[in-house]
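Student: I would like to go through this structure with you, beginning with the helices. Could we take it piece by piece?

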Amino acid sequence: MDSVERKIAVVGSGVIGLTAALRLLQSGFKVDIFYRDAFAETASAAAGAYWWPHKAYPPERVEGWSKRTLDYYRELRQNPDSGIRFETHYRFCLDPDECAYVRHLVDDCKAIDGSAYGVDSVEAYKVVVPVINVPVYMPFLQAQVQQAGAGFFQRELNDLAELEGDYDCIVNCSGLGARTLVDDDSVFPIRGQVVLVSSDGLAAESYRIYAKDGPLTLVLPRGQDCVLGGTGQENDWDLDPREADTRAILERCAELVPAVANAQVRDVTVGLRPGRLEIRLELETSVSGPPVIHNYGHGGGGYTVAWGCAEEVAKLVKNSCSG
């Protein structure tokens with residue numbers, strides 16, 4: 001049976017689910033996407049975003065997925081409608097950078113003196129990385145998936161077994177929802193609050209202060225606005241913006257980039273990143289039901305690893321649906 005005759009259900013419509021769906025469609029499969037929340041309510045919608053792993057593990061797998069995604073963004077930046085551009089990024093590490101293993105993947109990386117920028121860091125560097133303009137990129141990605149023929153169904157699933165009998169394989173990209181959907185209590189929320197401000201007077205460069213256990217400081221201009229971050233509050237389910245967090249974010253970001261102090265606040269958003277000690281990307285088989293490919297637990301690294309993970313998903317689906 002040819003792959004085009006195989007029907008695949010993808011659960012989840014965030015960046016991980018849509019990217020997996022697109023790769024499967026490109027491989028010749030028929031794909032239906034099931035989602036509970038409208039995109040605006042997903043963690044992907046609240047992301048900055050830019051290419052760099054964040055709370056995504058294990059490094060030995062994340063590195064390969066990140067490289068393939070970076071290669072994909074290099075190709076995609078040629079399309080002005082994609083929302084992908086490459087910009088200078090300054091990274092100041094108050095602690096040794098747990099994601100230093102990706103530095104060799106970028107085209108341009110230069111060690112700098114953080115104190116010259118007013119940051120007392122143990123290491124700092126200037127790199128050129130992809131910035132993903134989420135309000136532009138995600139509609140672009142969704143349009144590609146729709147044009148390739150995917151079906152979209154808003155439906156709350158209580159169990160993946162509800163899809164058995166209709167599909168040859170199920171791809172579980174449910175993110176934080178996997179906690180209840182497949183009873184995986186190792187998935188936990190990492191609450192991320194960001195402040196959106198006007199980009200007037202701000203250069204295109206982005207800035208990040210990394211601390212292993214400290215607050216997340218990020219200034220990420222993306223054209224129509226600038227994302228200021230943020231928080232990384234683990235096991236915190238609160239989706240309501242907190243004024244105290246907003247004040248702290250504005251203060252930290254203005255200290256790093258003084259022009260932020262004059263920026264107009266446009267919005268405050270909150271998303272729950274799907275944390276897990278390790279990303280779960282694996283095949284699960286059963287005697288009675290179709291094979292299930294799990295692809296969730298990407299922490300804050302969804303936009304960094306999405307395409308690499310999608311390619312691995314496609315390989316697993318091909319192998320499990322062959323014959």
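**Helices, strands and rings**

Tutor: Let us begin with helix 1, in which Val 15, Ile 16, Gly 17, Leu 18, Thr 19, Ala 20, Ala 21, Leu 22, Leu 24 and Leu 25 are buried. Please keep in mind that this is a predicted model.

Student: How many of the residues of helix 1 are buried, and what follows from that?

Tutor: The number is 10 of 12, so helix 1 is largely enclosed by the rest of the structure. From its first C-alpha to its last, helix 1 reaches 16 Å, close to the 16 Å expected at 1.5 Å a residue.

Student: What follows helix 1?

Tutor: Gly 28 does, and its phi is positive, near 100°.

Student: On to helix 2, then. What span should its 18 residues have?

Tutor: At 1.5 Å a residue, helix 2 (residues 59-76) should span 26 Å, and its end C-alpha atoms are 25 Å apart, which agrees.

Student: Which residues of helix 2 are buried?

Tutor: They are Val 62, Trp 65, Ser 66, Thr 69, Leu 70, Tyr 72, Tyr 73 and Leu 76. Seen down the axis of helix 2, these buried residues fall within an arc of 160°, so they line one face of the helix. In general, an α-helix has 3.6 residues a turn, so residues three or four places apart point the same way.

Student: What does the face turned away from the buried side carry?

Tutor: That face of helix 2 carries the exposed residues Glu 60 and Glu 75.

Student: And what do the buried residues of helix 2 pack against?

Tutor: Their partners include helix 1 (15-26), helix 3 (134-147) and helix 6 (302-320). Strand 3 (84-93), strand 5 (123-132) and strand 14 (280-284) are also among them.

Student: Changing topic: which way do the residues of strand 11 point?

Tutor: In strand 11 (residues 226-229), Cys 226 and Leu 228 point one way, Val 227 and Gly 229 point the other way, and all are buried. As a general rule, side chains in a regular strand alternate between the two faces of the sheet.

Student: Which strands pair with strand 11?

Tutor: Strand 8 (residues 188-197) runs antiparallel to strand 11 and is joined to it by 4 bridges; here Leu 196 has Val 227 as its bridge partner. Strand 10 (residues 217-221) also pairs with strand 11 in the antiparallel sense, over 4 bridges, and Val 219 stands opposite Leu 228.

Student: What about the hairpin of strand 10 and strand 11?

Tutor: The hairpin has 4 residues between the strands, and Gly 223 takes a positive phi near 95°.

Student: Now the aromatics. How many pairs are there?

Tutor: The count comes to 11 aromatic pairs. In one of them, the rings of Tyr 90 and Tyr 117 have their centres 5.3 Å apart and their planes at 45°, so the pair is tilted. Tyr 90 is in strand 3 and Tyr 117 in the loop between strand 4 (109-111) and strand 5, 27 residues apart.

Student: Are these two tyrosines buried or exposed?

Tutor: Tyr 90 is buried, with a relative accessible area of 9%, whereas Tyr 117 is partly exposed, at 37%. The ring of Tyr 90 also pairs with that of Tyr 207: the centres are 5.0 Å apart and the planes at 10°, so this pair is stacked. Tyr 207 lies in strand 9 (residues 206-210), so the pair with Tyr 90 ties together parts that are 117 residues apart in sequence.

Student: Which residues do ring pairs link into a cluster?

Tutor: The cluster holds Tyr 72, Tyr 73, Tyr 137, Tyr 303 and Trp 307.

Student: Finally, which charged ends sit over rings?

Tutor: That of Lys 7 sits over the ring of Tyr 167, 5.1 Å from its centre, and that of Arg 77 over the ring of Phe 86, 4.1 Å from its centre.

Key:
Residues numbered from 1 in each chain as written. Predicted model: local features only at pLDDT ≥ 70, side-chain atom pairs only at ≥ 80, totals over all residues. Heavy atoms only, no water. Helix = DSSP H or I, 4+ residues; strand = E, 2+ residues; numbered from the N terminus. Expected span 1.5 Å × (residues − 1). Buried < 20%, exposed > 50% of the residue type's maximum accessible area, 1.4 Å probe, protein only. Arc of directions from axis to C-beta. Contact = heavy atoms within 4.5 Å. Pairing = 2+ DSSP bridges. Phe/Tyr/Trp six-rings, centres within 6.5 Å; stacked < 30°, edge-to-face > 60°. Lys NZ or Arg CZ within 6 Å of the ring centre and 35° of its normal.
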